[in-house]
Amino acid sequence: MYVCHCGINIAATVDVEAVAAFAQTLLNVVVARHYTYMCSDPGQELIKSDIREHKLTHVVVASCSPWMHEPTFRGVVKEEGINPYCFEMANIREQCSWVHKDRARATEKAKQIVASAVAKVALLQPLEEREVGVTPAALIIGGGIAGIAAALDIANAGFKVYLVEKEPSIGGRMAQLDRTFPTLESCLELLGPRMRAVAEHPNIELLTSSQVVDISGYIGNFQVKVRQRSREEIIEFDVGSIVVAIGYDHFDARIKPELGYGQYPNVITAPEFERLSSPAGPTAGKITLNGKEPKNVVFIQCVGSRDQSVGHEYCSRVCCMYTAKQAHLVKEKLPQANVTIFYMDVRTFGKGFEEFYDRVRREGVRYRRGSVSEIYKRGNKVVVRAEDTLLGEPLEMEADLVVLATGIVPRSGAQGIAELLKLPRSPDGFFAEAHPKLKPVDTVNDGIYLAGCCLGPKDIPDTIAQAKAAASSAMIPLSRGKVKVESVTGVVEVETCAGCGICESLCTYGALTRDDRRGIMIVNKVLCKGCGACSAACPSGTMILSHFTHDQIMAQIEAMLEW
Ligand SMILES: Cc1cc2nc3c(=O)[nH]c(=O)nc-3n(C[C@H](O)[C@H](O)[C@H](O)COP(=O)(O)OP(=O)(O)OC[C@H]3O[C@@H](n4cnc5c(N)ncnc54)[C@H](O)[C@@H]3O)c2cc1C
């Protein structure tokens, strides 16, 4: 039994020496120690040498959350020949030292947690570590820059890639942009070679005008069905891993009718400005409205972002910079135009961004800190009514053209993909990563990864960086050729199971089916993730979760109640 100080994370609030001394008195405990960092090399060595010297069969470490270091300590005991499932972790950091101030009471609670873990570990049985083979292919859903970058990395590593895009062509939103901040390169020139590389790559099967309609299976062995609209055909194939890159939608500016979008033709959105300014757009890149060049151009930032009234509290991260870029393009094409930007705060956090913001201001673009309350029509012009939030004064400004910096919102089809892949979404509607710090492109479902704006707003370099990270994670099972599957699974007591099916209706992983011939439930141990929902719901107590059996849990509760 080992008690970790975690530096002062635990030791400042919990008397670790007292907890170790207490642990030494518990039944079955042969050796109890405390150490500054149990996860460090010397900490791990301490456990290993004790296992050898005292011929230990089970180990408990009282430290942080199992999310952090359970795999570390399972590896330590395994190296010394103990089954990794004969190890138990007691969380005295997140569930004790971090949430309490009173040292004496926190120490008592830590003792209870340790007693409970020791009671359980004595009942733990070795579990088999299992592996299954992997189909060496990946599915990418969405052919924007994220999907393209991920597909090329995986295909270049020698694996088969199925790239499914719902539109007739790949390229996504980037293909609709003019130039990119802060370097002002043409988006189409940057994207074109990558789109060609995808189309010509021998390892990439590009399925455009297509949508995934069904996915079953698990990491290493997913079965995919895709409907191709152009042929009305269903295509079926197997893959080992999946990258979701379905991107984003634009905030609908009509939701803020006070800004006049949809009522006045000279109020447009930022994506519409991109088309207007693009050489491939309707005016061949000339900034004109009804054939006339605007003299007074106003940009309004944060339309649909950082706005509780429309349910989007988050910052869309790209609007400050694309507005600076668009203002620069107006000045470049119409040097005599007066350009004003109404902003809340200017966020220029990326490489070269602050320099670009300075450059745009030197070019004569005027930034006014203001909150716009209304846009109304006066003759051929529109009037922007706002409050200058620095001066605290109301103001009105006439404009020939108003551009609304509309924010980035989740794809309208995201819920369908979430249901298909059983992916949770965060409260803002974007897909949720498995852990915001430690697993930023993983999902809670093994073998499924996320990239680009479907995770949240970001610019092109961040999108590509994430796509490369997702591709590299997706390639781990493909290159290993085998994946470990969960050892902690549901187990049916065949003698007592009545086959009622309650567990099947609760299993989100599709791991339970009824054997009609025998009248009992069957667990697919590859699909089972060991969540325990079946075991908790089973009316007869027939469904057991290995590693969390009724006896083990009762022993934990009883040990806690004794103290
Ligand atoms: C006005 C504006 C200007 C911008 N300017 C810049 C700039 O200058 N520089 C910069 O770095 N960033 C800029 N950005 C940000 C940039 O657009 C994004 O970073 C980038 O496009 C994100 O790419 P993505 O692949 O994640 O998403 P997307 O480009 O949205 O691609 C997603 C793809 O998935 C497809 N798809 C969606 N659902 C499905 C489905 N169910 N099945 C199959 N396919 C599906 C879509 O059709 C699309 O092709 C700008 C954004 C806006 C709004």
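This briefing walks through the domains, the ligand shell and the nonpolar cores of the structure above. The model is predicted: local features need pLDDT of at least 70, side-chain atom pairs count only at pLDDT 80 or more, and totals for chains, interfaces and linings use all residues. Residues are numbered from 1 along each chain as its sequence is written.

**Domains**
- The chain divides into domain 1 (2–127), domain 2 (137–247 + 411–482), domain 3 (250–407) and domain 4 (490–546), with bounds from an automatic or database domain assignment.
- Between the C-alpha centres of domain 2 and domain 3 there are 31 Å.

**Ligand shell**
- The ligand is surrounded by 39 residues, with G142, G144, G172, G247 and G452 the closest (near: C-beta atom, placed from the backbone, within 6 Å).
- Domain 2 and domain 3 each contribute at least three residues to this shell.

**Nonpolar cores**
- In the largest nonpolar core, of 108 residues, A138, A150 and V243 touch the most other members.
- A nonpolar core here is a set of buried Ala, Val, Leu, Ile, Met, Phe, Trp, Tyr and Cys residues joined through C-beta atoms within 7 Å; buried means 20 or more other C-beta atoms within 10 Å of the residue's own, with C-beta atoms placed from the backbone.
- This core lies between domain 2 and domain 3, because both give residues to it.
- Beyond its neighbours within four places in sequence, A138 has contacts including I154, F159, V243 and L478.
- A second, separate core has 39 residues, among them C4, I47, V59 and V77.

Terms used
Buried ≥ 20, exposed ≤ 12 C-beta atoms within 10 Å, placed from the backbone. Contact = placed C-beta atoms within 7 Å.
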